[in-house]
Amino acid sequence: MQKNPHKATDFQPLTKNKELDVISRPSVSFWKDAWRRLLKNKLAMAGLIIIALLTFLAIFGPLYGSYDHRTTDLENKNLAPSFESQHLFGTDDLGRDMYQRIWYGMRISLFIGLSAALIDLTIGVIYGSISAFSSRTTDNVMMRFADILSSIPYLLVVILLMVVLGDSVNSIVRIIIALSITGWIPMARIVRGQILQLKEQEFVLAARALGANTKRLIFKHLIPNAMGPIIVTITLTIPSAIFAEAFLSFLGIGVEPPAASLGSMANDGLSAMRYFPWRMLFPALFISLIMFACNVLGDGLRDALDPKMRK
Amino acid sequence: MAKYILQRVVMIFISLFIIVSATFFMMKAIPGDPLTSERSVSEEIEQQLRAYYGLDEPLFIQYVKYLKSVATWDFGPSMKYKAQTVNDIINDGFPVSALLGLEALFLAIGMGIILGVIAAMFHNKVPDYISMILAVIGMSVPNFLLAALFQYYFSLKLGILPTAGWGDSFEQTILPAFALAALPTAVIARLTRSNMLEVLQQDYMKTAKAKGLSRLVSTFKHALRNALLPVITYLGPLIAGVVTGGFVVEKIFGIPGLGMQFVTSINNRDYPLIMGTTVFYSIILLVMVLIVDLLYGVIDPRIKVSGKGKGGE
């Protein structure tokens with residue numbers, strides 16, 4: 001056995017070099033970093049501003065003008081847009097003010113989009129995390145079930161459900177139910193994938209060692225770490241829900257009168273497009289604007305939240 | 001490979017069984033049936049009609065009968081069009097929809113790839129921005145609105161293309177095909193662009209450049225081929241999109257395709273027709289997705305299709 005040639009006195013504590021330890025830049029959290037990246041993305045910021053503006057107008061827009069969205073005025077039907085009459089976007093075939101109806105329809109479209117996204121989020125997170133934490137067999141069965149459900153074309157399921165639910169529930173609730181029935185699947189897949197990836201990491205082991213149970217583990221440790229992909233999925237769910245709603249309303253099985261959404265208004269305007277184009281063009285414009293804004297914001301968020309995707 | 005195909009085919013049959021059962025019970029769950037809702041007829045006639053449509057039997061017998069008829073490809077008589085069976089309607093409508101769909105498919109693939117390649121070749125320059133903004137617009141304007149806008153500008157305002165109709169001239173197919181193709185074009189353009197950007201960074205592109213290939217040749221012969229692989233995976237959803245998009249586009253342009261039949265059957269509450277078209281659509285889409293997956297394995301030997309491909313981690 002060789003003797004250790006070093007003596008205890010050979011080791012001297014290193015004098016701390018204070019200058020080297022100074023942090024020259026403030027530490028940036030993940031979210032701050034993502035936000036900074038998002039700010040640089042002009043298209044995404046444009047999307048964010050458009051969404052903010054449209055939301056603001058959907059809430060406060062109706063304050064302008066002396067009309068409301070449901071009063072009919074048969075003497076002033078199909079008026080062209082003008083400032084003098086205060087019908088900024090004209091009137092429809094029942095003389096209702098299109099400006100007021102647009103904001104009213106916008107509220108309904110946004111409400112449907114947000115509710116569908118929220119329901120998808122809830123179901124997806126619960127289903128996905130249960131699947132990820134279950135035994136291999138249960139996990140397999142749960143994912144096969146999701147596979148089968150998602151192999152049925154989305155709009156076909158939604159249309160069928162709309163027909164089946166019929167008049168038993170309010171048309172807006174009906175759409176939200178129909179949209180959520182398979183809408184949660186992408187979210188569940190993403191949550192499951194993220195959890196499977198994360199749950200082998202050391203911080204999860206540490207949390208377990210400190211006595212965290214599975215529920216705490218999921219909601220306090222795993223979901224917050226999977227937040228990036230979840231948020232991106234939500235921002236892309238909202239426009240697809242709005243699109244699906246408009247699609248259904250356009251087919252005449254969506255929102256029913258007296259309620260109106262941008263899609264049903266576009267459908268109403270379609271037949272009169274030749275003579276009164278504004279009845280079709282304004283709802284179309286606003287649907288497209290909101291879809292555009294959500295899409296570019298979703299893209300921007302994906303680039304900002306997923307550092308691997310960085311250019 | 002054979003095991004994989006078998007597994008997939010079994011999955012398709014399970015999916016189809018669930019779809020058929022679900023549509024059947026969903027249709028039965030609707031309060032009342034098509035006969036009660038219309039005008040009142042005498043007791044005897046109603047009995048006769050019920051017997052004709054098999055509505056007088058217990059639910060379970062109806063279900064078994066329905067499964068049997070689907071298995072033998074017989075969807076029964078339509079309730080709205082008395083003289084036609086659902087099979088007739090599908091046989092009449094599908095070729096029209098398929099033609100329109102194929103036209104849109106070719107347009108989307110062609111335009112999408114061209115836009116994507118231009119964007120990638122001029123990365124972060126004006127052509128890139130223009131084609132990507134075009135793509136985002138294509139993704140944002142819903143196809144039914146695009147169809148209506150096309151109709152408004154090109155037919156009503158400019159009068160250069162026919163407003164609606166089918167089967168008289170090729171011009172009639174242009175507007176609906178473009179309206180249907182817009183969304184997939186946008187998605188393909190974006191996919192192509194991002195894949196191209198990735199491929200252009202690869203070492204073999206440097207090799208191609210080093211051995212003196214011109215930019216055009218190296219882009220199209222080496223980069224594009226590899227960049228297109230992931231685009232093929234999108235073909236499945238693309239076909240689904242073109243099919244469902246057909247519902248509204250056919251409605252707007254008055255095209256007598258299957259999509260229009262489906263929409264009318266919903267408005268008419270023509271249950272046998274709704275069920276028949278739903279099952280038919282599902283079969284087409286499931287088979288298409290399978291074909292695309294298999295094709296992907298054939299085209300890209302690096303990808304091993306196997307039973308474990310999709311399920312595991």
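In this predicted model, helix α7 of chain B, residues 143-157, packs against helix α12 of chain B, residues 235-253, with axes that come within 9 Å and cross at roughly 25°. Angles under 35 degrees count as roughly parallel, and α7(B) and α12(B) are therefore roughly parallel to each other. Their crossing is right-handed. On the α7(B) side, the contact is formed by Asn143(B), Phe144(B), Ala147(B), Ala148(B) and Gln151(B), which meet Gly245(B), Val248(B), Val249(B), Ile252(B) and Phe253(B) of α12(B). By class, the residues of this contact comprise seven nonpolar and three polar, with no charged residue.

The axes of helix α4(A), residues 98-133, and helix α10(A), residues 227-251, come within 8 Å and cross at roughly 130°. The range from 65 to 115 degrees counts as roughly perpendicular and angles over 145 as roughly antiparallel; α4(A) and α10(A) are therefore oblique to each other. This crossing, too, is right-handed. From α4(A), the residues Ser109(A), Ile112(A), Gly113(A), Leu114(A), Ala116(A), Ala117(A), Asp120(A) and Leu121(A) meet Ile234(A), Thr237(A), Ile238(A), Ala241(A), Ile242(A) and Glu245(A) from α10(A). The residues of the contact between α4(A) and α10(A) divide into nine nonpolar, three polar and two charged.

The two chains also touch each other. Chain B contributes 35 residues to the contact and chain A contributes 34. On the side of chain B, the elements that give two or more residues are α1 (2-29), α6 (126-140), α7, α12, α13 (258-268) and α14 (271-299). Of these, α1(B) gives the most, with seven residues. The side of chain B that touches chain A has 26 nonpolar, eight polar and one charged residues.

Gly76(B) is located in the loop that runs between α4 (59-71) and α5 (86-121) of chain B. A residue is buried if 20 or more other C-beta atoms lie within 10 Å of its own; Gly76(B) has 20 such neighbours and therefore counts as buried. Leaving aside residues up to four places away in sequence, Gly76(B) touches Ser69(B), Thr85(B), Val86(B) and Pro272(B). Gly76(B) and Gly276(B) are separated by 200 residues in sequence, while their C-alpha atoms are 8.6 Å apart in space.

Terms used:
Residues numbered from 1 in each chain as written. Chains lettered and ligands numbered in written order. Predicted model: local features only at pLDDT ≥ 70, side-chain atom pairs only at ≥ 80, totals over all residues. Axes fitted to C-alpha atoms, helices over the stretch in contact; angles between N-to-C directions. Helix = DSSP H or I, 4+ residues; strand = E, 2+ residues; numbered from the N terminus. Left-handed = near helix turned anticlockwise from the far one by under 90°. Contact = placed C-beta atoms within 7 Å. Nonpolar A, V, L, I, M, F, W, Y, C, P; charged D, E, K, R; others polar. Buried ≥ 20, exposed ≤ 12 C-beta atoms within 10 Å, placed from the backbone.
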